[in-house]
Amino acid sequence: MLYLGTCSQGITCLLVSFFSVILPFFVSEGGDIVFVAKVEAKDLLRKPTIKWFKGKWMDLASKTGKHLQLKETFDRFTKIHTFEMHIIKAKDNYAGNYRCEVSYKDKFDSCSFDLEVKEAEQAQSIDIRSAFKRSSEGQDDAGELDFSGLLKHREVKQQDDAPEVDVWEILKNARPDQYEKIAFMYGITDLRGLLKRMKKMPKEEKKSEAFAKKLEPAYQVDKGGKIRLVVDLADPTVELKWYKNGQEIRPTPKYIFEHKGTQRIMVINNCSMMDDAAYSVAAGDEKCSTELFVKELPIKIVKGIEPVKTTVNERIELECEVSEEGAQVKWMKNGVEVPTGVRSRYRVKSEGTKHFLVIDDASKEDTGTYSVMASGGTSEAHVQVDLKPLKIYQDLQDMTVKLGEPIKLQCEIYPGNVPGRWYRNGQLIQPSDRINIIHRNKIHRLEIATSSLHDAGDYTFVPEGYSQSLCAKIHIIDPPRVHLESLNFPDNTVTIVAGNKLRLEIPISGEPAPRVVWMKGERVILESGHRVRAETHGDQTSLTIEVTEREDSGNYKIVLQNEAGEDTASVKIKVVDIPDAPEAPLVPEVGGDWCSMTWEPPKYDGGSPILGYFVERKKKQSSRWMRLNFDLIKETQFEPKKMIEGVPYEVRIFAVNAIGVSKPSEPSKAFTPLAVTSEPTMLVVDDVTDTTVTVKWRPPETIGAAGLDGYLVEYCIEGTDDWVISNKELTEKTKYTITGLSPGCKILVRVKALNAAGASAPRTLQHSILVKEVVEPPKIRVPRHLKMTYTRRVGEAVNLVVPFMGKPRPKVTWLKDGQAIEPTHVNIRNTDCDSIIFIRKAERSHSGKYEMSVQVENHKDTAIIDIQIVDLPGPPQAVTIEDVWGGNVALVWTPPKDNGNAPITGYTIQKADKKTMEWYTCIEHYHRNCITITELVVGNEYFFRIFSENMCGLSESATQTKKSALIVKEGNSPHDTAQHQYHAQPHSFTLTPTGMQLKTHNFEDHDFKEAPKFTQPLINTFAIAGYNATLNCSVRANPRAKVIWMKNKMTIIDDPRYRMFSNQGVCTLEIRKPSPYDGGMYTCKAINDLGEAQVDCKLEVKGGFTFYELMQRGVPLHLIDKYMNESKTVEQEK
């Protein structure tokens, strides 16, 4: 059956059943049925949402599976969505009421239908035991979970004939918990299939004791209609109660209860959607239920809307009448729902069965086809909104406006609420900060705050919706004007270098275009000029001078004229050139390696201020000039330096302005540098008496080529500036005594050095000198090496100089160990400033503490000097053989009686075979007084001797053992047993003849093996292109490691640009004349059997260009300066 329904929102739903043509639908138990819903989606932007329900609330989307499937498709050509619900192998509990709901945004529709499941015809006789036995073949009737076909084939045993038993009756009468026991008893193995078959068997309904006839499963009634719910009671005396959704119903005019014999009837009058609910009736303990579905009747349009024709700004009211009050209708315009929100132009109202659509202020956009839709019908009508006739009260007027003044165009039309658009030369005018468009009632106005040339043209105002338009013409006039401010020249002055081409372009304005005249003084510059000409094109005028000359400098006048007025302006042109050469410089002062020079500025500066000067110098015999300054000299004086004394020189000047460098000046007169010496140094007071002062000094540090003729000593009384020359003739000595001074006066002393160039700067004492002999307390200044014990060997000379201070001359005395020194043993000589102690040939008796005393009047100072005279020690005492065993001899001795006046530092032990008596040294510098001599030859007899040793050396003689030590063979000694035990366990202990045990220790050799480890890593390095660079690091490893060098993780192999060295763990990589390409990451890796290690560094190679090379390449000076500074920084970091 095909069921078509149209909803109020414009969605069409179609339900199709392939088995029945009337509602409800029927399907046999176990059969299949398909329900189809089709939705037309021409006006939908996306897929609608569809839901299938059973009863009121059960959503079937969650019940899909083996027996229920939902499908959907879409036809792109017909724009129809198809939704299908497949019910497969229907069961009796599938019967009931179904509902399909479709929604899209705020649109919704639904449709309900019933499904009844008929019982399938059952077979008359079923052999339950054969049907539900699992066979080896896996029969088709073995149940849904019969997997017997997968088991191994076995022979079926013949069973004995048994009496027939009705197992179905047994199962029907048995409890569910006894099903498994009964199935096992009668050989039924497919218990699950048996239970399913029992569930499908029709059940005999138990006869109700209270109801003879119950309520129908469902009832349906139209909205506003009446329905009767009837039950037939088996016992009329039973109390009956009716319920709606579980709540008891009381008798009211709406609900009427009737009694007819055993029938009990409940009548529901005037059914509404609120009555759509579940109802039940209870008779005693029994209860039966039903559902009531209230079907809403379609709303019909009784009176449709009528066509309307009106004009703008009028009120439109569309009216329709429907069949029922409170019905919902939808208003449409051209098939689109009319918005009825708070801010909408449309208002919707209803009065009883009448519905209205109101438009208060109609516009032309409201023209269209309007329709009203109800669930039972549609009505439509056409609404036509026309414009009102246009009336012009004030037309636009032509205007002539000066440039920059405001423009106001105004017109007045009727109707006043009609908008319009403004056009200039056919182009739409948009409002902006400069343009303002005003519409107030009937007046339309266009305002331009400041007019421009682009505002000139034809203006048109077009009322919206009308074919008429208003026109006016705007004419802009502008007095001529010269725009010199665009040149950006200070004081309107143009500066150009002589010989260059000048083209001066000046913007001009004026409407209409002005006439332009260029003048210099009273001369008019023509356009046809050859070297100097004037030209005018459009909005600019230009002056062109092909080759500028100094005579072109001056003021140029520009005159503009048009019908709106006149304007003039002046431009100054300044032609600049290099300055003239300065005059020859003067050299007023000459030093040892410098001179001072002055000069006058050039007479003509080239029209540009002098920026500075360059100075050049050359030797008189040479023709090669050398520039002395790279930075310009601002002043007109300079001091050249670093000249050679005695060599004549000449200098010259270049003047520089912004244009360039002038020609050189004439050379100066030749001059020869000669320098005075530097001032004398270290001027000090040597001695002062009551009438004399003695000073001394050192020669000047710098003497120069003129040499040194002598010194001049001057003095003056403190408080005066009268310097008195003390020596009338120059003195060549660096010490001088000033005589004839008054006692008690204070004088200042200075010394000058003189040569052919003159006197040097004086060296003056910092403090004044009091001419009076002063007592200075004595002070002994002991040299550092004498503050410790002074040690000498016997026979060496001793010569000690001890300086001291004090005035007048101190008295010096010497004591040795508190006793006076005999002059025959020690020679002592004293001077004014030191004392000398001299011993020609030292003896051990000269050792001791010498005390020196220096005394001036009551002042005294002392110092002690410790002198130690050392000699060779004597031999050790009592060297004896302590023990002999195996190849070993134990020696013991006592220290020597005479240690030579110095500590014993060690002993030297020697041995000699008795047969040859040739002595061999066993050990030297031995410190202990006992020793064991080992590895002696068996069968030999040995003597031993020992020398003692101190800081002077070995003793002259040695002490020899009186007895010899015989090294006997094994078995020839009474102590063979002990020796045999020593040979068996040589590293544990030794048994001596006295029965004592000597334990020995086991020592293991130290393992010096080590994995590579870098003790000094590589350091990031900067290199200069073209100069060799080296990378150094140090590594420690045992065994010796193999060293590999890599650049950017690539091993360096057989590359002549690299040399690799490795010496005592120091690894070096030399890169010969690197280029920027050689920069990168360098790695040194060391590998041996125990492991590996590596270090990295970054090498960056700078360009290495010279100043001259960069100048040849055309690099700007500021970039050269930056590059040279970076190069210096890199060198300082290295």
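Where does proline 1039 lie? Its place is the loop between strand 83 (1029-1038) and strand 84 (1042-1047), where strands are DSSP runs of E with at least two residues, numbered from the N terminus. The bond joining asparagine 1038 to proline 1039 is a cis peptide bond, with omega about 5°. This is a predicted model, so local features need pLDDT of at least 70 and side-chain atom pairs count only at pLDDT 80 or more, while totals for chains, interfaces and linings use all residues. Residues are numbered from 1 along each chain as its sequence is written, and side-chain values use heavy atoms, with hydrogens and water left out.

Another cis peptide bond runs from glutamate 511 to proline 512, with omega near 5°. Proline 512 sits in the loop between strand 39 (502-511) and strand 40 (515-520).

Lysine 642 is not a glycine, yet its phi is positive, about 60°. This lysine 642 belongs to the loop between strand 50 (637-638) and strand 51 (649-657), and at 74% relative accessibility it counts as exposed (exposed is over 50%, buried under 20% relative accessible area, partly exposed in between, with a 1.4 Å probe and protein chains only). Aspartate 1054 also has a positive phi, near 50°; its loop links strand 85 (1050-1051) and strand 86 (1058-1063), and with 75% relative accessibility aspartate 1054 is exposed.

As for cysteines, cysteine 320 is buried at 0% relative accessible area, whereas cysteine 833 is partly exposed at 45%. The count of disulfides (pairs of cysteine sulfur atoms within 2.5 Å) comes to zero.

Notes. Helices (H or I, at least four residues) and strands (E, at least two) are DSSP runs, numbered from the N terminus.
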